[in-house]
Amino acid sequence: MENFKEFQGRDLQDALSRAATELDRPERDLDYEIVSEGRKGWFLGMGSRGFQIRVKMARPAAYETPPEDGSVEILESLVSDLLEGMQMDMDFRIQQEDGCLRVNLSGPDREFLIDPKGEILNAFQFILTRMSRRNFPEHIRILVDSDGFRKKLDEEIVQMARDAADRVRQRGEPSRLPPLNPYERRLVHTALRSETRVVTRSMGEGFLKRISIFPARGGSGGSVNDGRRRRP
Amino acid sequence: MEVKELVEQIARSLVDNSDEVSVTEEQEERSIVLELRVAQEDLGKVIGKQGRTARAVRTILTAAGRKLGKDFRLQILE
């Protein structure tokens, strides 16, 4: 089963950068074809249509036949080793969902695995991903959570971004969020895309970047966003 | 599995030369120092880009330390 998603932009570069932001993958890794090169429009860009590309979603063969490739069993043994090595009295469950493997940890030692920023769960997830890399396809994403903790964190980040967007609209001045990792930045970009009169952009280099929220002219956020480049 | 063995297992799964991985444990005044040795060419693999892998291992050791009431320190050597 092939899986595609279409993206529009002002030109090829713009469409690619949008796709990269949304999919949280580097532009150079995108496998795409051009659907439409758009048209210029008649007057002041009115009637112009965007450049459209169709991007192939990362779906390696292992996605389609997950039960046989043994990835769940491998992950199970890695999680159980990690927990044991960390001396944690915890149970876990692995679920397959949207091409992700979700690991949920629960049990009496949960308090030792939870910190305000979720750094321990992040480290657990990072090491687990690294350890499993040799055993199964890179594109399988491993997510580690503990009884809904991550969801709460996600909601807090989105709320912080919305509050900042409110301030930007009120004062007409840009605002900068604290450094966020790629996953968190995607949450913010996605949440604020539907908001009016603001645009978001990531600034900086490296794993952690800061998102700036800028006031934008016009009515709906969507149309204002058009034609602007965003970085993931 | 002990904490020392955990570090060993993580390192083994990351490097190319798993035979050359060793971990020694030393009790210092207030902390337990875990010295991880890997082949020189594998150093980058246990440290990671911008030190991310090493930092993640240290975070995991912090969690284990919270549980055990101990302070683990990780040193990476070639």
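**Strand pairing, chain B and the A–B interface**

In chain A, strand β5 (residues 100–106) pairs with β6 in the parallel sense over five bridges. Two strands pair if DSSP finds at least two bridges between them. Helices (H or I, at least four residues) and strands (E, at least two) are DSSP runs, numbered from the N terminus. The model is a predicted one, in which local features need pLDDT of at least 70, side-chain atom pairs count only at pLDDT 80 or more, and totals for chains, interfaces and linings use all residues. Residues are numbered from 1 along each chain as its sequence is written, chains are lettered from A and ligands numbered from 1 in the order in which they are written, and side-chain values use heavy atoms, without hydrogens and water.

A:V103 has A:V144 as its bridge partner in β6(A). Four of the five residues of β6(A) (residues 141–145) are buried, so the strand is largely enclosed by the rest of the structure. Buried means under 20% relative accessible area, exposed over 50%, and partly exposed in between (1.4 Å probe, protein chains only).

The model scores ipTM 0.96 and pTM 0.66. For chain B, the mean pLDDT (the predictor's confidence in each residue, from 0 to 100) is 95, and 100% of its residues reach 70 or more. Chain B holds three helices and three strands. Their order from the N terminus is α-β-β-α-α-β. Of its 78 residues, 46% count as buried. Contacts (heavy atoms within 4.5 Å) with a separation of 6 or more are 52% between residues 24 or more positions apart in chain B.

At the interface, 24 residues of chain A are in contact with 23 residues of chain B. The buried area, meaning the accessible area (1.4 Å probe) that two parts lose on being put together, summed over both, is about 2200 Å² between these chains. Carbon and sulfur atoms give 63% of it. A:Q87, A:F126 and A:R134 supply 24% of the area that chain A buries against chain B, more than any other three residues. One salt bridge is counted between the two chains. The term requires a side-chain nitrogen of Lys or Arg within 4 Å of a carboxyl oxygen of Asp or Glu. B:K67 forms it with A:D109, with the closest N and O atoms 2.6 Å apart.

Two loop residues other than glycine have positive phi. A:R197 has a phi of about 60° and lies between α7 (182–193) and β8 (198–203) of chain A. A:R197 counts as partly exposed, at 37% relative accessibility. B:Q50 has a phi near 50° and lies between α2 (43–47) and α3 (52–68) of chain B. B:Q50 is exposed, with a relative accessible area of 59%.
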